[in-house]
Amino acid sequence: MNASPEQPHAPRVVLGVSGGIAAYKACELLRRLTESGHRVTVVPTAAALHFVGEATWAALSGRPAATETWASVHEVPHVRIGQQADLVVVAPATADLMAKAAHGLADDLLTNTLLTARCPVVFAPAMHTEMWEHPATQENVATLRRRGAIVLEPAVGRLTGVDTGKGRLPEPSAIFEACRRVLARGTQERDLAGRHVVVSAGGTREPLDPVRFLGNRSSGKQGYALAATAAARGARVTLLSANAELPDPAGVDVVRVSTALQLREAALKAAVDADVVVMAAAVADFRPAEYATGKIKKVDGVEPAPVALVRNPDILAELSAHRARPGQLVVGFAAETDDVLAHGRAKLARKGCDLLVVNEVGDGLAFGLDTNAAVVLAADGAEVPVPHGPKEALADTVWDQVVTRLRAADAL
Ligand code: PMT
């Protein structure tokens, strides 16, 4: 039975499934794709069928699973399925499947489909940590990314058996979201393919004692939107997440930090091989000079001592002054409450970054919302206003500006 509200002109999605235990999770992805109206053809490999049978794929997709290169040969399935697709997503993508794809092998229907597809291709890997980390797999992943495929970063957690580590299939909801974003970009180029971008998001917390901290109102939504849109444009993304309570965007390497000092350490480390660093996190300028190891107690009749503060390092200024590699682009954000543009221009000069995204914050503005408005100021004098709209739209404008400058630098 198929409850799909499939539309006749809905995007055609090929769901490739290779042989890993996480194949069962692809059923949930398939359900999400069909329930949102996509026309899905499932192409499981022979190994995948050991884990989930043909009947399940057929019932959930509402059409026969395409398993055989030699079935219905008059319809040339090994060419047609790939040619007609608007998106191919392979979930789970095993080390073996990605090795074949990277080397152009085509010994079954799925690998044939990958060779004939001219649409965006998303791989959602799942394997043991050792297999993921093996130089052969890493080189194959790099090859696929360089060619414009989107290879999501595997999630970290429990693997088959008792071991845990990096290699879990990202959550089906996150893979679905990544597919939705890629389809929304349509045939637009994966213009960040082959680039590594680092994005910070959320707000740092500076502890006073084990129960209290100095913090701010950042939810992380703007930074997460930057990370997710960069992934949809083909980038390898490292997201430095400061206290954000948001689901990990699929395909993004998430590094959790809490304080400004931890964020600095993580940012300097991730920036080493980054093409772009975007500091969207709200970083505390000051931290308590002392940390009380026990809860600070109130004493009746005694005025509390003032909290002494010390300055935190300015991470954005440091990244801008000491570029980890030639041509690296550094982007900052400025949260301002008044005289927004004047403060933004002064901040751009002071911090020394290439782009500064100035957004007004305050009651009912920017913090915690799904929408934002800003002006993107560039060190070369350009100013691009971005009207009020989804945080993803602002993120895409930032990436447009970044891509223009990366290409200009490549052309030199
Ligand atoms: O997270 P949301 O709820 O979606 O809200 C988004 C946002 C409003 C937090 C975001 O759009 C934003 O403006 N982020 C930057 C907030 C900020 O810290 O602005 P600032 O003007 O104080 O700092 C300027 C820049 O310097 C920022 O890039 C900041 O990351 C960086 N900085 C600041 C202080 C410091 N010690 N080190 C830094 O690197």
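Which residue has a side-chain N or O atom 2.7 Å from an oxygen atom of the ligand? That residue is Lys 391.

## About the model

This is a predicted model, in which local features need pLDDT of at least 70, side-chain atom pairs count only at pLDDT 80 or more, and totals for chains, interfaces and linings use all residues. Residues are numbered from 1 along each chain as its sequence is written, and side-chain values use heavy atoms, with hydrogens and water left out.

The side chain of Asn 359 places an N or O atom 2.5 Å from an oxygen atom of the ligand. Ile 315 takes part through its backbone: one of its polar atoms is 3.2 Å from a nitrogen atom of the ligand. The protein covers 96% of the 770 Å² of accessible area that the ligand has on its own (Shrake-Rupley method, 1.4 Å probe).

## The shell around the ligand

Helices (H or I, at least four residues) and strands (E, at least two) are DSSP runs, numbered from the N terminus.

Side chains of opposite charge can pair when their charged atoms come close. The count here is 29 salt bridges (a side-chain nitrogen of Lys or Arg within 4 Å of a carboxyl oxygen of Asp or Glu). One of them joins Arg 31 and Glu 28, at 3.3 Å from N to O. Both residues lie in helix 1 (residues 23-35), three residues apart, about one turn of the helix.

## Backbone exceptions

Most residues other than glycine have a negative phi, and most peptide bonds are trans. The bond from Ala 91 to Pro 92 is cis, with omega near -5 degrees. Pro 92 belongs to strand 3 (residues 87-93). Asp 339 has a positive phi, near 45 degrees. Asp 339 lies in the loop between strand 16 and helix 13.

Notes: Polar contact = N/O pair within 3.5 Å; in protein donor to acceptor, adjacent residues only side chain to side chain.
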